[in-house]
Each structure stands twice: as C-alpha cells, then as structure tokens.
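Subject: Structure handover

Hello,

Here is the structure for you to look through. My notes follow below it.

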Amino acid sequence: TSRSGFTSAANGDETASPSPALQPPTSRKVALITGITGQDGSYLTEFLLIKGYEVHGLIRRSSNFNTQRINHIYIDPHNAQKAKMKLHYADLTDASSLRRWLDTINPDEVYNLAAQSHVAVSFEIPDYTADVVATGALRLLEAVRSHISATGRSHIKYYQAGSSEMFGSTPPPQSETSPFHPRSPYAASKCAAHWYTVNYREAYGIFACNGILFNHESPRRGENFVTRKITRAVGRIKIGLQSKLFLGNLQASRDWGFAGDYVEAMWMMLQQEKPDDYVVATEESHTVEEFLRVAFGYVGLDWRDHVVIDKRYFRPAEVDNLKGDSSKARKVLGWKPKVGFGQLVKMMVDEDIELAKREKVLVDAGYMDAQQQP
Ligand code: NDP
Ligand code: GDR
C-alpha cells in the first residue's frame with residue numbers, strides 16, 4: 001500500500017481493481033471526470049458521491065503522488081461495496097486512453113476539467129498548453145462521439161470547463177453574449193475548446209455544455225494562484241515562518257467565488273433538458289490589493305509591511321478586469337453562490353493558519369527548513 005493508500009488500477013495494479021464492465025450493473029449514475037486530482041475535481045467528486053453517483057477519475061502518471069486532494073475520499077477498491085470512486089491512468093494528450101476508458105466505464109456524464117490551468121505558465125509552455133487545453137478537449141469530444149457511434153449511448157452528457165479568461169480584454173460585465181478576446185495561450189486554447197464543444201453539439205447533436213466559470217478558489221487552490229499564494233503567506237507570516245511575499249500586478253480585478261459552489265453549477269448544466277452555455281460568477285469584483293488587505297487584516301497584519309513587488313510575476317499581457325453577469329445561470333439553473341468574498345478569504349486564511357502551525361512543528365523538530373517557500 002502506498003503512502004496515499006492507493007492499491008488500485010491507478011498504481012498500475014490491474015488485478016486490484018476489476019474492470020467496471022465486469023462488475024454487476026447498478027442503477028446509480030456513472031460520472032467520468034478528467035482533472036479529478038485538481039481543485040475542482042475534488043469538490044465535484046465529493047458532490048457527486050453525495051448524490052449517489054459512481055465516480056471514475058482519470059489521473060496522469062507523475063513521479064510523486066498527485067492525489068492529495070482526493071485521498072480523504074479514497075476507499076480501497078477491494079472494498080467493492082464502499083469504493084464508489086475509481087481512478088484510472090490516462091492523459092488528455094493520449095486519445096487512445098480516453099476512448100478506452102469511455103468504452104470500459106460507460107459513463108452517463110463526462111466532466112472535462114483537466115488542463116494546464118496556470119495562465120502565466122501558459123506563456124512559458126504554450127505548445128503543451130494548447131495540446132492539453134485545446135486539442136485535449138477535442139480528443140475527448142471525439143472519443144465521446146465515436147463511443148456514441150459505436151455503442152448507441154446517445155444520452156451521454158459532456159461538460160467543458162470554460163473560463164472567464166476567454167473574455168480577456170472585453171470590458172465587464174461579461175456574459176454569454178460578450179465577445180472573447182483572449183490574452184494568453186491558455187485563454188486562446190480555452191476559446192478553441194469552447195468552440196469545439198459548440199461544434200460537436202451542433203454537428204453531432206451531442207449533449208455538450210460550456211461552463212464559463214469566473215475565478216473560484218478554496219483552501220485546496222493550487223499554491224501558485226494569487227489567492228492561495230497570499231493566504232499561505234498570511235498563515236506562515238503570522239506563525240513566524242516567513243516575512244516577505246513576492247507578487248506581481250496588484251491592480252488586476254477578479255470575480256472570486258468559492259469552488260464548492262461552482263461545481264454544483266457544472267452538474268446543474270447537465271441536468272437540463274437542452275445543452276447550453278452558462279456564465280458562472282459572483283458578480284462582484286475585487287483587486288488583488290483588496291484581497292491582500294482583507295487577508296492580512298483578518299489576522300491583524302498590514303500587507304504593506306510584507307509585500308514586495310517582483311517583476312517576474314507580471315505577465316506579457318494582462319487581463320485587467322473580470323466581473324461576470326451570471327443572470328442566465330441564476331434564472332435557468334436556479335444557481336447562486338453561497339459563499340461571499342469576505343467569507344472565502346477567511347475560510348482560506350483559517351485553513352492556512354492551521355497548515356502553518358503544523359509546518360512550525362516540523363520546523364521546530366528540525367524536519368523542515370523554515371525558508372522552504374511554498
Ligand atoms: P487545477 O490546476 O487545480 O487542476 C487541473 C487538473 O488537470 C489536475 O487534476 C491535473 O492533474 C489535470 N491535468 C493537467 N494536465 C493533464 C493532462 N495532460 N492529462 C490529464 N490530466 C491533466 O485546476 P482547477 O481545478 O482549478 O480547474 C479545473 C478546470 O477548470 C481547468 O480546466 C481550469 O482551466 C478550469 N477553470 C478553472 C477556474 C478556476 O478559477 N479554478 C476558472 C475557470 C476555468 P495533476 O493533479 O496531475 O496536475
Ligand atoms: P488567473 O489567476 O490568471 O485569473 O487564472 P491567478 O490567481 O494566477 O492570477 C490572478 C491575478 O493576480 C495577478 N497576480 C499574480 N498571480 C499569480 N499567480 N502569482 C502572483 O504572484 C501574482 N501577482 C499578481 C495576476 O497577474 C492576475 O491578474 C485563474 C486560473 O484558475 C485559470 O485556470 C482560470 O481559467 C481563471 O482563473 C478564471
């Protein structure tokens with residue numbers, strides 16, 4: 001058994017996890033999630049398991065375990081009664097793996113959440129970003145199309161994780177009818193994925209939806225996105241493990257919501273009679289500087305004593321102002337966010353204070369270097 005407790009097909013042990021096709025049929029719905037190990041994948045999995053789904057996740061091979069966000073819901077597949085989440089190796093760059101798992105799992109719903117999702121990094125690795133984000137979505141759509149054509153399972157539904165980054169320099173408020181003006185290889189690739197999804201819906205009648213989601217955060221957010229980078233630093237500074245925080249552009253505005261609220265909107269889109277595209281947003285926008293003020297202020301610190309501007313975090317082209325108009329999702333889906341900006345910041349800082357306290361124990365015991373920056 002591995003450190004993360006994995007003994008499933010996900011670690012290459014094919015005998016440990018009998019093929020789902022060999023297991024007795026159940027009436028429960030089956031979901032297939034790409035990007036299950038990411039922030040949204042973990043919340044969506046929790047949400048679908050509570051709804052009674054069997055959840056299959058595609059994970060990619062990495063030299064270190066990449067399943068930290070879902071370890072708490074993992075149950076060894078030997079416990080067939082209880083193990084309702086199953087993991088399989090695949091990659092959005094490997095079309096054959098996508099088709100094979102579709103044919104084996106026979107999902108009712110497919111959520112395409114996998115991506116090289118960091119905007120700044122997409123300028124460093126544009127070719128790879130396009131391959132995963134744009135062509136990866138096309139590969140999965142094509143796998144769904146050919147799976148339907150071979151099996152007749154035309155009720156299968158597809159969700160594409162679209163992004164407010166597609167609006168780029170289009171002024172707010174941005175809605176489903178606002179033009180796209182992407183400002184990074186990531187955003188341009190998401191635009192391609194968006195139109196592939198629309199095209200497969202129109203050309204083949206596939207039930208395919210684009211969720212155009214504005215930024216959504218949580219204590220599980222990747223540590224090099226600005227919100228989490230800030231709350232991690234607040235925790236470490238408060239506990240005495242760090243003194244400075246290096247950031248780029250503080251004037252950009254984002255419409256920040258809570259990831260747990262947003263995965264519900266993804267599911268809601270696939271429960272409608274007709275497939276469509278929806279903007280999901282809080283309709284409130286704040287600058288990075290405001291985020292800093294609230295996060296540091298919450299623990300009695302002044303951000304100006306700690307933040308240092310470092311040019312390396314400026315992007316070749318910036319998205320200045322995102323603020324969504326999610327009236328369509330609110331009206332048609334009946335969706336609305338439950339967690340507001342202040343609550344989100346507090347939730348993230350609270351968790352990162354606890355994390356820093358645990359790190360402090362390791363530092364004091366000599367197991368960790370205090371200078372190790374997240
Ligand atoms: P994360 O970066 O946290 O997760 C991305 C997931 O994709 C991870 O599971 C990652 O695996 C997986 N992945 C990356 N490359 C590949 C590949 N080549 N093949 C298979 N899997 C791969 O993103 P989020 O959870 O925050 O976002 C989910 C989706 O929603 C993404 O598509 C993102 O672009 C999009 N989005 C996110 C928003 C946000 O604010 N969070 C807003 C709008 C859209 P691993 O764990 O191994 O790295
Ligand atoms: P974003 O999120 O680019 O909106 O994409 P990110 O948190 O990376 O940046 C938000 C804003 O903060 C500014 N910024 C910094 N950003 C980072 N990462 N690190 C810094 O040090 C820093 N300093 C300032 C950025 O310039 C930017 O203006 C996220 C991702 O989740 C995408 O996948 C998703 O599609 C969009 O949100 C919606």
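For residue classes, Ala, Val, Leu, Ile, Met, Phe, Trp, Tyr, Cys and Pro count as nonpolar, Asp, Glu, Lys and Arg as charged, and the others, Gly among them, as polar. With those classes, the shell around ligand 1 has ten nonpolar, ten polar and five charged residues.

Some ground rules. This is a predicted model, in which local features need pLDDT of at least 70, side-chain atom pairs count only at pLDDT 80 or more, and totals for chains, interfaces and linings use all residues. Residues are numbered from 1 along each chain as its sequence is written, chains are lettered from A and ligands numbered from 1 in the order in which they are written, and side-chain values use heavy atoms, with hydrogens and water left out.

Ligand 1

There are 25 residues around ligand 1 (a residue is near a molecule if one of its heavy atoms lies within 4 Å of it). Thr37, Asp40, Asp91, Ser117 and Tyr186 come nearest. A polar backbone atom of Asp40 is 2.8 Å from an oxygen atom of ligand 1. For a backbone N or O atom of Ala115, the distance to a ligand 1 oxygen is 3.1 Å. For one of His216, it is 2.9 Å. Ligand 1 taken alone exposes 900 Å², and the protein buries 90% of that (accessible areas come from the Shrake-Rupley method with a 1.4 Å probe; for residues, only the protein chains shown count as cover).

Helix H1 (39-50), helix H4 (126-151), S5 and H5 each give two or more residues to this shell. Strand S5 has the largest share, three residues. Helices (H or I, at least four residues) and strands (E, at least two) are DSSP runs, numbered from the N terminus.

Ligand 2

Ligand 2 has 23 residues around it, and Ser117, Ser163, Tyr186, Arg315 and Glu318 come nearest. By class, they are nine nonpolar, eight polar and six charged. A polar backbone atom of Ser117 sits 2.6 Å from an oxygen atom of ligand 2. Alone, ligand 2 exposes 700 Å², of which the protein buries 95%. Helix H6 (226-239) and strand S8 (245-247) are the elements that give two or more residues to its shell.

Cores

The largest nonpolar core has 61 residues (such a core is a set of buried Ala, Val, Leu, Ile, Met, Phe, Trp, Tyr and Cys residues joined through side-chain atoms within 4.5 Å). Buried means under 20% relative accessible area, exposed over 50%, partly exposed in between (1.4 Å probe, protein chains only). Leu48, Tyr111, Tyr159, Ile230, Met269 and Leu292 have the most contacts inside this core. Helix H7 (residues 259-270) gives the largest share, nine residues. Apart from this core lies another, of 24 residues, including Leu98, Val144, Ile206 and Ala208.

Tyr159 is worth a look. Beyond its neighbours within four places in sequence, its contacts (heavy atoms within 4.5 Å) include Val110, Tyr111, Cys209, Met266 and Met269.

Ser189 lies in helix H5 (residues 185-204). Ser189 counts as buried because its relative accessible area is 6%. Its side chain reaches the backbone oxygen of Pro185 at 2.8 Å.

Gly235 is in helix H6. Gly235 is buried, since its relative accessibility is 0%. Not counting residues up to four places away in sequence, Gly235 touches Asp352, Ile353 and Ala356.

Backbone points to check

The peptide bond from Pro172 to Pro173 is cis, with omega near -5°. Pro173 is in the loop between strand S5 (157-163) and H5.

Asn106 is not a glycine, yet has a positive phi of about 50°. Asn106 is in the loop between helix H2 (95-105) and strand S4 (109-112). At 31% relative accessibility, Asn106 is partly exposed.

Glu283, also not a glycine, has a positive phi of about 75°. Its loop runs between strand S11 (277-280) and strand S12 (286-287).

Best wishes

Note on methods:
A polar contact is a pair of N or O atoms within 3.5 Å; within protein, one must be able to donate a hydrogen and the other to accept it, and residues adjacent in sequence count only if both atoms are side-chain atoms.
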